[in-house]
Amino acid sequence: MNDKPVVLVTRKLPEAVEQRLAEKFTALLNPDDKLYGTEELLRLAAQADAILPCHTEKFPAATIARLPDRVKAIANFSVGVDHVDLEAATEKGVIVTNTPDVLSDATAEIAMLLMLGAARRASEGERIVRNQLWKDWSPAFMVGRQITGKRLGILGMGRVGQVTAGRARGFDMTIHYHNRRPLDAEHAGDAVYHDSVEGLLSAIDVLSIHCPASDATRGLLNRDRLALMHRDAIVVNTSRGGVIDDDALVVALKSGAIAAAGLDVYNGEPDAIHPGYRELDNCFLLPHIGSATVETRDAMGFRAIDNLVAIFSGREPGDRVA
Ligand code: 8YV
């Protein structure tokens with residue numbers, strides 16, 4: 001007889017993760033990595049005691065209300081939980097967890113890659129070489145900007161923000177940040193706190209966005225705030241597309257109001273992002289790969305499993321967010 005809890009896994013996860021999951025649970029896997037729509041998700045959830053989703057599956061209040069009562073938990077394979085209505089989950093008594101810490105290094109790497117790629121015109125250069133458009137060299141050819149020694153502004157100095165600050169210090173960048181509250185001295189180090197987004201934006205050369213998407217941060221980087229940045233400034237986003245007002249950023253990039261952007265996350269990703277970004281040479285664009293390393297994806301899966309094991313052993317999961 002099999003009395004292990006049943007876990008619905010919505011996407012294909014790394015082999016080691018699926019193996020460990022199968023040792024502890026009855027796992028309903030998705031070997032073809034099909035993207036489930038809401039109805040299919042709810043149909044499959046009828047057999048599940050918990051769901052292990054990615055950010056690609058959405059759980060608004062209406063979906064949570066329709067979850068079968070046997071579903072006790074949503075153990076996300078993600079640190080961001082903006083795809084789950086946490087209030088609705090709490091109301092229904094569904095525990096929600098995420099996977100913090102384990103993706104901070106990988107995401108900070110991508111933030112640095114975006115800074116460098118945007119500053120040094122990586123997209124443009126790569127296209128020139130690949131398309132056999134490289135005909136000459138001159139002192140003025142492909143001249144970009146240097147990030148070394150510049151002022152980095154971190155919007156959201158949480159786990160990923162702090163690791164990014166550490167990496168940026170290796171480039172002799174000075175660190176500025178805005179958070180709801182300043183960090184304690186041990187975590188802030190030499191970073192300069194700004195008590196307003198506006199104060200931060202007017203004091204920096206490079207902005208790296210690390211705050212979660214929420215009602216409070218939606219469209220935060222809008223036309224008025226972009227106008228506070230100087231003409232050589234660079235905007236980088238590894239958090240969520242929703243923090244940026246795309247129309248405003250595209251206009252700023254097109255008009256030269258700021259120099260460049262490096263983006264890994266978008267409103268409307270994957271296939272309905274603002275078309276303006278694709279046309280701009282001063283955009284360095286990646287397809288939401290902040291945590292896409294072998295090491296991190298395994299660690300995210302193990303962390304989600306640890307949360308599920310705690311929940312089904314009657315313990316408080318380490319990463320409970322609702
Ligand atoms: C993940 C992310 O790949 O964890 C997050 O919040 O944005 C990504 O790094 C994705 O969410 C997996 O579900």
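A residue counts as buried when its relative accessible area is under 20%. With 0% relative accessibility, Asn76 is therefore a buried residue. Keep in mind that this is a predicted model.

**Asn76 and its surroundings**
- Asn76 sits in the loop that links strand S4 (73-75) to helix H4 (86-92).
- Its side chain forms a polar contact of 2.8 Å with the side chain of His83.
- Beyond neighbours within four places in sequence, the contacts of Asn76 include Pro53, Val81, Val84, Val96, Thr97, Asn98, Thr99 and Ala304, as well as His83.

**The ligand site**
- Around the ligand are Cys54, His55, Phe77, Ser78, Val79, Gly80, Leu103, Arg240, His288, Ser291, Arg297 and Met300.
- Sorted by class, this shell holds five nonpolar, five polar and two charged residues.
- From the side chain of His288, an N or O atom lies 2.8 Å from an oxygen atom of the ligand.
- On its own the ligand has 330 Å² of accessible area, and the protein covers 93% of that.

**Helix H2**
- Helix H2 spans residues 38-45, and Leu41, Leu42, Leu44 and Ala45 are buried in it.
- Viewed down the axis of H2, these buried residues lie within an arc of 165°, so they line one face of the helix.
- Among the elements covering the buried residues of H2 are strands S1 (6-9), S2 (26-28) and S3 (50-52), along with helix H3 (61-65).

Definitions and conventions:
Residues are numbered from 1 along each chain as its sequence is written. This is a predicted model: local features need pLDDT of at least 70, side-chain atom pairs count only at pLDDT 80 or more; totals for chains, interfaces and linings use all residues. Side-chain values use heavy atoms; hydrogens and water are left out. A residue is near a molecule or strand if one of its heavy atoms lies within 4 Å of it. A polar contact is a pair of N or O atoms within 3.5 Å; within protein, one must be able to donate a hydrogen and the other to accept it, and residues adjacent in sequence count only if both atoms are side-chain atoms. Accessible areas come from the Shrake-Rupley method with a 1.4 Å probe; for residues, only the protein chains shown count as cover. Ala, Val, Leu, Ile, Met, Phe, Trp, Tyr, Cys and Pro count as nonpolar, Asp, Glu, Lys and Arg as charged, and the others, Gly among them, as polar. Buried means under 20% relative accessible area, exposed over 50%, partly exposed in between (1.4 Å probe, protein chains only). Helices (H or I, at least four residues) and strands (E, at least two) are DSSP runs, numbered from the N terminus. The arc is that of the directions from the helix axis to the C-beta atoms. Contact means heavy atoms within 4.5 Å.
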